[in-house]
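The sequence and structure come next.

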Amino acid sequence: MAASYDFGEEEFQACCGSSKFAREMVSVSPFFSLEQAVDAARRIWFNQVDVNGWLEAFSAHPQIGQASKSSNQTSAQWSKGEQSTALATATGSSLQELAEWNIQYQKKFGFIFLICASGRSTDEILAELKKRYSNRPIVEFEIAAQEQMKITELRLAKLFSTKQNASSTKESYPPAFARKVEDRVSIIGGHLSTASGASTGKTLQTLTRTRPPITTHVLDVARGSPAAGIDVRLERWIGTQPRPLFGEVDVGGWALEGSSATDKDGRSGQLLSMIEAINPGIYRISFNTGKYFPAGFFPYVSIVFEIRESQKLEHFHVPLLLSPFSFSTYRGS
């Protein structure tokens, strides 16, 4: 019989400061896997928690660069850990500038600047704050809600890891479950630290690449671990049409740029040469998911994306978050 995991309202509120969110999570408990809990969290956060609940969750966070004042000790401890990279890279002047921008942001939008800070430096956070400050309030409100969900998912993974370490039940997961969940937190943190968007043009033009312009890795969200051994192919469109057209046959229009397989950390090998400026165009990255999940729904997954002339100096991270019956992706940088 599969082990189930029960948590209380206080534990869920450490993951997300909305009391409505915590109550709803308790009401649909217990959970039999981390993936099931994350799916429920997303459904509740975006479909059942109202505007007041979102604002309550936002207010539970400290300003970036400041200590948490939350009465929930677990939440305060996690906040401190999530900001550790930012605090380690901060200077007196950068913290002062960050504080000033936080004040301006809160005056404009009515809530604190919220970002999943895990793995991000002070300079990266400050650049993102300045970028988002120009958003319209309704757009920024939605972005903040998305950032809260990223934080919630990371904290749910930590919660499951803690529960598993404290439990003697071994029926549902192998003994290495706790380590795998920690791997999941590390990998998602890597996703988030690279997903903050491109730097400004001037900065990019002075950088020398330290990695190929297109990278990927695969996270098995069903098992809470990296997905090793998945074959990956990267192709570029070279057809007679400027771009592949929806609904039309594109045989012969794709040229292979590189191929590899994911390692034990779920990361693919090098798919492109270490070039400074990538050729603009349409790219397709494909994953042999059927080999990894023989009984799954997807024999393979292909993601098609476009790199524009103005983006040729940027880095593109195209991760795959995979389970037997669902997948998702996003553009990191």
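The side chains of glutamate 314 and arginine 331 make a polar contact at 3.1 Å (a pair of N or O atoms within 3.5 Å; within protein, one must be able to donate a hydrogen and the other to accept it, and residues adjacent in sequence count only if both atoms are side-chain atoms). The model is predicted: local features need pLDDT of at least 70 and side-chain atom pairs pLDDT 80 or more, while totals for chains, interfaces and linings use all residues. Residues are numbered from 1 along each chain as its sequence is written, and side-chain values use heavy atoms, without hydrogens and water.

Glutamate 314 sits in the loop between β7 (301-307) and β8 (316-317) (helices, H or I, of at least four residues and strands, E, of at least two are DSSP runs numbered from the N terminus). Glutamate 314 is buried, at 11% relative accessible area (buried is under 20%, exposed over 50%, partly exposed in between; 1.4 Å probe, protein chains only).

There are 15 salt bridges in the structure (a side-chain nitrogen of Lys or Arg within 4 Å of a carboxyl oxygen of Asp or Glu). Among them are these:

| Pair | N to O distance |
|---|---|
| Lysine 150 – glutamate 147 | 3.0 Å |
| Lysine 291 – aspartate 231 | 3.6 Å |
| Arginine 243 – glutamate 306 | 3.0 Å |

Lysine 291 belongs to helix α12 (residues 289-292) and aspartate 231 to strand β4 (residues 231-237), so this pair ties together parts 60 residues apart in sequence. Lysine 291 is exposed at 54%, whereas aspartate 231 is partly exposed at 31%.

Lysine 150 and glutamate 147 are three residues apart in helix α9 (residues 137-166), about one helical turn. Lysine 150 is partly exposed at 24%; glutamate 147 is buried at 8%.
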